[in-house]
Amino acid sequence: MASTGIGAPVRRKEDFRFITGKGQYTDDINRPGQTYAAFVRSPHAHAAIKRIDASEALASPGVLAVLTGADLEADKIGGLICGWMIHNKDGSPMKAGAHPALAVGKVRYVGDHVAVVIAETQAQARDAAEKVAVDYEPLPAVVDMNEALTGKTVIHDVAPDNRVYDWHLGDKAATDAAFAKAKHVTRLDLVNNRLAPNPMEPRAAIGDYDAGNDAFTLYTTSQNPHVARLVLSAFIGIAPEHKLRVIAPDVGGGFGSKIFIYAEETVCVWAAKRVGRPVKWTSDRTEAFLADAHGRDHLTHAELALDERGKILGLRVHTKANLGAYLSTFSSSVPTYLYAPLLSGQYDIPAIYCEVEGVYTTTAPVDAYRGAGRPEATFVVERLVEVAARELGQDPAAFRKKNFIRKFPHQTPVIMAYDTGDYTASLEKALEMADVKGFAKRRRESARNGKLRGLGYSAYIEACGIAPSQAVGSLGAGVGLWESAEVRVNPVGTVEVLTGSHSHGQGHETTFAQLVSDRLGIPIDQVAIVHGDTDKVQFGMGTYGSRSGAVGMSAISKALDKVIAKGKKVAAYAMEASEGDIEFKDGRFGVSGTDKSLGFGEVALQAYIAHKFSGQELEPGLKEGAFYDPTNFTFPSGVHICEVEIDPDTGVTTIEKWTAVDDFGHVINPMIVEGQVHGGIAQGVGQALLEGVRYDASGQLVTASYMDYCMPRAKDLPSFQVGTTVTPCPSNPLGIKGCGEAGAIAAPPAVINAITDALGHEDIAMPATPQAVWQAVQRRLPAIAAE
Amino acid sequence: MYAFSYHQPKTVRQAASLLAKNEDGKILAGGQTLLPTMKQRLAAPPALIDLGKVEGLSGIELKGRSLVIGATTKHVQVATSEIVKQAIPGLAEMAGMIGDPAVRNRGTIGGSVANNDPAADYPAACLALGATIITNTRKIPAEQFFTGLFETALEPGEVIVKISFPIVSKAAYAKFRNPASRYAMVGVFVAKRGSDIRVAVTGAGSNGVFRATALEEALKKRFSPKSLEGVSVSADGLNGDIHASPEYRAHLIGVMAKRAVTAAIGK
């Protein structure tokens, strides 16, 4: 059984379906009588809507309806919500402007939703969308956060200085005192560049209305269909939850961008009742660039206080976080509670104080993107630490080691209580694997070839699971963040697991089945994982924040405990033994001290035929559910080492070596975990070297296609050397920590630390494109001449 | 994509006549630029005249001291042709650097030249090698053919039939790709035929492909990368965008020219 149990590198069950084109994505689904939606989007970053004239569009071939914000209001459909309340320093609530699914009175970014055209075909809908005449009165665009904070142009009346919140965390007085006694202070200004999520499958939705039952179905590209149903029901008011079914079938990547409840999905399900037919919308890539929630976009000033030996005394951080034109579903939490609590990194920092201003601009909404807040925090900490070591003339690895937290549990000054870890072990393993000893020689070799070589470290920590519910509730979350599972054993002993987690590339159909295989002793091909349909699966919270292993699988584990316990009762009756004598091992229920035993499938059959026990003594059947809420966040950590070579003639940076040593606690499937690390690093390298959303001063999106938005390609990456260390997580039964975001969190500072090491100065921002690096090389030239 | 009429002529004469009859109609060759722009609704030609069924437009042959390539010859054919590799290896290499495998298997030399994208590779090769663009009505020297951004000397109803490249002693292309699009951000094609040395630059000029005369003069003294050291290229008239400023492009022209000369000498 070990071959498909916990720890086995089992090939992904779902891949046959995906790589043979048999996946069933939202756009693959077509409903009888289906119509198509096309959105009329704002060409202006900021404008008042004077008038919308749909007459020509309505007269166009195939058009069934043209709907606007006024129609939503007439049907009493509410606006989109932000589900995490942040409070200002003075305790007052954040200033959240209204977010109608179709604009009312004003548009606030290029791509904002003005109207929807429903037609018989997609081409007819798009043709007619161009014929909707909108009379705009342009208003000034505000793309820059500092300009926005002047309040010269107001985006939402509720926030006259465009400041959504002015939030803080930590002890200001203690931090000021730490700086007052510091012997050295390292200061950095950092830009965390805005990213477009770019899942391979763009967003899509089909709204379907059943007039006979007055019930809706929404097929959509969601990471969390129950949360979508809850928001669409309880807040937006489409229909009560029992009259709304949300199905998220195969989903081709999310990276956070498919957590949120957007305008398009809302409009499709609402419009289906309006036109009395199913309404389908599939985003094209340009729409994805314009209107999928972006990630990151911070401006930060950070300071690190140090004593004479290089021990860290305190950390002070001020961040401006661009939240875009509207607050997306979880946007408010990303630069606050998913960011500042991670600012202690792997280090014993006695005092930390962080201030964050959330800022409205006339750009697309910004929300969680792979790592969500934690990459931004890690970038601050790991850049500061690296630069501090350099300024003090200390080896960056030794400097880190000196400041590492060594005793666990460790309470940081910023909420988090780290449960376990061994940071030195990961660092030492990484130093070995990366052959850091041989770096000086490699650097000389590069210099002989006219190239600049650099080495950069990143010792990251993240908080995964986004649970327990009590903890996130106390921080302002509008929902609980536990997870649910139901294990249905069929009479022949095959198993269906209904999970509240959602797989959109993570391989749950394999890893979750491995857990079942391990626990019940049955082959993984006798296990089906069911997810993504609110009519099939009990309420669950979905997948984000690297939580499906730590929280989702723990729920399954708990349900499996109950299945085994019930199985023992059934087996006792079937073998006429006492329940206390039944042992379950390797898939068999045995009577201790005898050679009597029954296989798992035989016991399942006994449970369903119920011939050996009375229904008054024991309920027939074998099906158990569990809701699991962990006792703490999980804290994966690790050390990544990046080695680059720069061609000073062109500014091209080549990543020569990448070493990753991660502590994910216990690992279910090492192959899948390594794949997650690879993908995360690729996205992190994308942020560091290649990617960046750019708006011009008038608020037009310059990077609206792959002609200008640069995604990482295989050629941009080396072969990764991936290793692990293991300190099992004590806050969940499986000892799992989570691995989905680690690479994206670890990678950016490792790359920039390597580039700045090669350059010999710190003056470069992400993305370090060839042009940016070439310019930074020019800034280096006077320094070289002086050498 | 908007609706359009589709025509499939069998001869160049039919194609030219359809083109003349359909105002704003477009020739469809490989479609690697035209179809994506139509799909994005950026182009809306009312008629497409597909050259796919026209006989005799594709092929590669040596004619005396010239290499002649038919208009609908695909990039992959040029890249892998033994004739091209023998005659002008730098041209085969350049064709192998265009786009990606899908583009090279559909895109054509005639389409690339007629479109004259300011970041396309073939215009630099044509200009540096002194090619002649042969249409259904006349022969146009490359010097006169590329007239501006997406602009050429082609008249309405004129169809490119083939392109003739004089065989040179040394030629090579060095391309610095735009990190996002992978088009040439700076592409430099150098060619040496006796004392005639030409350096053509694509991807950088705000008016499309051009000859870098300062570099040509420097190379006339000696065809060596050393000759280019210290020769600066002016940033005047170069493109600036989020990927590269005019100054960075000017610098890259020098770097790519050196790399192209080094490669040409090595052939």
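Asp297(A) sits in the loop between helix H9 (285-291) and strand S13 (298-306) of chain A. Helices (H or I, at least four residues) and strands (E, at least two) are DSSP runs, numbered from the N terminus. The phi angle of Asp297(A) is near 75 degrees, a positive value in a residue other than glycine. Most residues other than glycine have a negative phi, and most peptide bonds are trans.

The model is predicted: local features need pLDDT of at least 70, side-chain atom pairs count only at pLDDT 80 or more, and totals for chains, interfaces and linings use all residues. Residues are numbered from 1 along each chain as its sequence is written, chains are lettered from A and ligands numbered from 1 in the order in which they are written, and side-chain values use heavy atoms, with hydrogens and water left out.

**Cis peptide bonds in chain A**

The bond from Phe408(A) to Pro409(A) is cis, with omega near -5 degrees. Pro409(A) belongs to the loop between helix H11 (396-403) and strand S16 (410-411) of chain A. A cis bond also joins Met766(A) to Pro767(A), with omega near -10 degrees. Pro767(A) is found in the loop between helix H19 (742-759) and helix H20 (770-786) of chain A.

**Domains**

Domain bounds come from an automatic or database domain assignment. For chain A the assignment gives domain 1 (18-139 + 198-291), domain 2 (298-466 + 632-786) and domain 3 (483-628). For chain B it gives domain 1 (5-53), domain 2 (60-166) and domain 3 (170-265).

UniProt, in an unreviewed entry, places the feature "domain: Aldehyde oxidase/xanthine dehydrogenase a/b hammerhead" at residues 20-140 of chain A. Over residues 20-140 of chain A the chain is 15% helix and 29% strand, with the end C-alpha atoms 50 Å apart. For chain B, an unreviewed UniProt entry puts "domain: FAD-binding PCMH-type" at residues 1-170. Residues 1-170 of chain B are 36% helix and 23% strand, and their end C-alpha atoms are 44 Å apart. UniProt positions are given in the numbering used here, feature names are shortened, and annotations may be inferred rather than shown by experiment.

The size of an interface is often given as the accessible area lost when the parts come together. Here, buried area is the accessible area (1.4 Å probe) that two parts lose on being put together, summed over both.

| Interface | Buried area | Share on carbon and sulfur atoms |
|---|---|---|
| Chain B and chain A | about 1,800 Å² | 52% |
| Domain 2 of chain A and domain 3 of chain A | about 1,300 Å² | 62% |
| Domain 1 of chain B and domain 2 of chain B | about 850 Å² | 73% |

**Chain B against chain A**

Contact means heavy atoms within 4.5 Å. By that rule, 20 residues of chain B are in contact with 22 residues of chain A. On the chain B side, Arg41(B), Ile242(B) and Tyr248(B) lose the most area to chain A, together 33% of what that side buries.

Side chains of opposite charge can pair when their charged atoms come close. A salt bridge is counted when a side-chain nitrogen of Lys or Arg is within 4 Å of a carboxyl oxygen of Asp or Glu. Three salt bridges are counted between chain B and chain A. Asp647(A) forms a salt bridge with Arg259(B), and their closest N and O atoms are 2.8 Å apart.

The interface of chain B and chain A also has 11 residue pairs in polar contact (both at pLDDT 80 or more). A polar contact is a pair of N or O atoms within 3.5 Å; within protein, one must be able to donate a hydrogen and the other to accept it, and residues adjacent in sequence count only if both atoms are side-chain atoms. Helix H11 (residues 246-265) of chain B gives the most to the side of chain B that touches chain A, with seven residues. That side of chain B divides into 11 nonpolar, five polar and four charged residues. Ala, Val, Leu, Ile, Met, Phe, Trp, Tyr, Cys and Pro count as nonpolar, Asp, Glu, Lys and Arg as charged, and the others, Gly among them, as polar.

**Between domains of one chain**

In chain A, the C-alpha centres of domain 2 and domain 3 are 40 Å apart. The contact involves 20 residues of domain 2 of chain A and 18 residues of domain 3 of chain A. Gly465(A), Ile668(A) and Leu734(A) lose the most area in domain 2 of chain A to domain 3 of chain A, together 35% of what that side buries. Between these domains of chain A there are zero salt bridges, but seven residue pairs in polar contact (both at pLDDT 80 or more).

In chain B, the C-alpha centres of domain 1 and domain 2 lie 19 Å apart. Domain 1 of chain B brings 10 residues to the contact and domain 2 of chain B brings 13 residues. The count between domain 1 of chain B and domain 2 of chain B is zero salt bridges.
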